[in-house]
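Trainee: I have a new model open and would like to learn how to read it. Where do we start?

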Amino acid sequence: MNTNENPTHNDELLIKDCLEVMMAMPNQSIDAVITDPPYPNGQGLFTTQLIDGLIGLYLATKKAKNYVVFFWSPNNETPRPPLGWWHVATHIWHKPDAKSSTPYEHIIVWSRSYKRMQSKVWTIPILDYRTLREFGTHPTQKPVRLLRNLVELYTKEGETVLDPFGGTGTTAVACRYAKRHCIIIESNPEHAAFAQQRLEKKEQAPERIEQPTTPEAAQPPTPSDDRPKPKRR
Ligand SMILES: C[S@@+](CC[C@H](N)C(=O)[O-])C[C@H]1O[C@@H](n2cnc3c(N)ncnc32)[C@H](O)[C@@H]1O
């Protein structure tokens, strides 16, 4: 994986501020943005970066052709999509090993199409066994299996995913398993270095990922014709 500064090449890890990089990217040059932005949480994490998270999501709608998929806290109001985009699904990541009073997170899907999709519930431990072996110092590292489910639902083989808040590179690892291209951006050099290590390791010894936890979760989304109720101003 390159670490150069050209944001239009596939399979890159950029150690930069994602807002700057995204501003320089051509519009609709990415198939889907799948990301875990800094968002309000009960742990006081990322407090100085929350605004980057929101701006990054809205910028993502200019760069993505089809979907912007992002993690968000169920305890905070979910950002609304901009005009021309629709909130089409809210998946739930249930964390059976979480100790908090809210042992789940939302995964929000914005689409350029108004067709609603089936929302799913995935039960995957925070410290999934394969994640455990790769666990770094990042406080919010996600399980690879979870990201792989999202990558496979919202892109096709050979397409390109952007993760502007890349952390330890989980989205890129999932993309590699799923044969998608991936550009990840991470501003913290320590997290980026860990992501680089993970990706280098996987290049040498790719590991098989198990199927999604439930058979139902392995199915592609089922579009329906329900037009969402207008929520706009
Ligand atoms: C919630 S974490 C992502 C964790 C990731 N899903 C994983 O599995 O490792 C959000 C990440 O966004 C990074 N970040 C925050 N603001 C940023 C910015 N403006 N540009 C790039 N990265 C940023 C933080 O350093 C943090 O690692």
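This is a predicted model: local features need pLDDT of at least 70, side-chain atom pairs count only at pLDDT 80 or more; totals for chains, interfaces and linings use all residues.

Trainee: What holds paired strands of a sheet together?

Mentor: Strands of a sheet pair through backbone hydrogen bonds, and the pairing is parallel or antiparallel. Now look at the residues facing each other here. Val-33 stands opposite Leu-162 in β7. Ala-32 has Val-161 of β7 as its bridge partner.

Trainee: In which sense do β7 and β8 pair, and over how many bridges?

Mentor: They pair in the parallel sense, over 4 bridges. Asp-163 stands opposite Ile-184 in β8. Between the two strands the chain passes through α5, and this β-α-β crossover is right-handed.

Trainee: Where does α5 lie?

Mentor: Helix α5 (residues 170-178) lies across β1, β2, β7 and β8 (181-185). Its direction is about 175 degrees to β8.

Trainee: Now the side chains. How do I read the faces of a strand?

Mentor: In a regular strand, side chains alternate between the two faces of the sheet. Take β7 as the case. Thr-160 and Leu-162 are on one side, Val-161 and Asp-163 on the other. These residues are all buried, and both faces of β7 are covered.

Trainee: What is the order of the strands in the sheet?

Mentor: The order is β1-β8-β7-β2-β3-β5-β4-β6. The sheet is open, has 8 strands and shows mixed pairing. At the edges are β1 (12-14) and β6 (121-123), each pairing on one side only. From one strand to the next, the twist averages 20 degrees.

Trainee: And the order along the sequence?

Mentor: That is a separate reading. Along the sequence the pattern is β-α-β-α-β-β-β-β-α-α-β-α-β-α. It comes to 6 helices and 8 strands.

Trainee: How should I read a helix?

Mentor: An α-helix has 3.6 residues a turn, so residues three or four places apart point the same way. Helix α4 (residues 144-154) lies across β2, β3 (64-72), β4 (86-94), β5 (104-111), β6 and β7. It runs at about 155 degrees to β2.

Trainee: How many residues of α4 are buried?

Mentor: 11 of its 11 residues are buried. Among them are Leu-146, Leu-150 and Tyr-154, as well as Arg-145, Arg-148 and Glu-152.

Trainee: What about the chain as a whole?

Mentor: Of its 233 residues, 39% count as buried. Then check the contacts. Among those with a separation of 6 or more, 69% join residues 24 or more positions apart.

Trainee: Last, the ligand. Which residues come nearest?

Mentor: Asp-36, Phe-165, Gly-167, Thr-168 and Thr-170 come nearest, of the 20 residues around the ligand. Now read the shell by class. It has 5 nonpolar, 10 polar and 5 charged residues.

Notes: Residues are numbered from 1 along each chain as its sequence is written. A residue is buried if 20 or more other C-beta atoms lie within 10 Å of its own, exposed if 12 or fewer, and partly exposed in between; C-beta atoms are placed from the backbone. Two residues are in contact if their C-beta atoms, placed from the backbone, lie within 7 Å. Two strands pair if DSSP finds at least two bridges between them. Axes are lines fitted to C-alpha atoms, for helices over the stretch in contact, and angles run from 0 to 180 degrees between N-to-C directions. A residue is near a molecule or strand if its C-beta atom, placed from the backbone, lies within 6 Å of it. Ala, Val, Leu, Ile, Met, Phe, Trp, Tyr, Cys and Pro count as nonpolar, Asp, Glu, Lys and Arg as charged, and the others, Gly among them, as polar. A crossover is right-handed if, with the strands pointing away from the viewer, the path from the first strand over the helix to the second runs clockwise.
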